[in-house]
Amino acid sequence: MTIEPITINDKLGRESAISLYEKLVFKKYATFQDNMKYTDGSYCDAYGMMKKLVRK
């Protein structure tokens, strides 16, 4: 199994992606402050998100 990072370039896309992951029961476990820099010079946090998997 491979885990690949997702790059989201615009602020609106970032918020909708976070919302989608939360609907899929992912939880934020880590915050990396000022981790990403936008082209306008502003910064935003990055989040480490995980989902608990249940073996059946």
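At 39% relative accessibility, Lys-28 comes out as partly exposed (buried is under 20% relative accessible area, exposed is over 50%, and partly exposed is in between, with a 1.4 Å probe and protein chains only). This is a predicted model, where local features need pLDDT of at least 70, side-chain atom pairs count only at pLDDT 80 or more, and totals for chains, interfaces and linings use all residues. Residues are numbered from 1 along each chain as its sequence is written, and side-chain values use heavy atoms, with hydrogens and water left out.

**Charges**
- Lys-28 makes a salt bridge with Glu-22, with the closest N and O atoms 3.8 Å apart (a side-chain nitrogen of Lys or Arg within 4 Å of a carboxyl oxygen of Asp or Glu).
- The salt bridge count is one, and Glu-22 is partly exposed at 42%.
- The charged end of Lys-28 also sits over the ring of Tyr-47, 4.1 Å from the ring centre (the rule: NZ of Lys or CZ of Arg within 6 Å of the centre and within 35 degrees of the ring normal).

**Aromatic rings**
- There is one aromatic pair (rings of Phe, Tyr and Trp, the latter by its six-membered ring, with centres within 6.5 Å; planes under 30 degrees apart are stacked, over 60 edge-to-face, the rest tilted).
- Tyr-21 and Phe-26 have ring centres 5.0 Å apart and planes at 90°, so they pair edge-to-face.
- Tyr-21 is partly exposed at 26%, and Phe-26 is partly exposed at 23%.

**Around Asp-34**
- Asp-34 and Cys-44 are 10 residues apart in sequence, with 4.9 Å from C-alpha to C-alpha.
- Setting aside neighbours within four places in sequence, Asp-34 contacts Tyr-43, Cys-44 and Asp-45 (heavy atoms within 4.5 Å).
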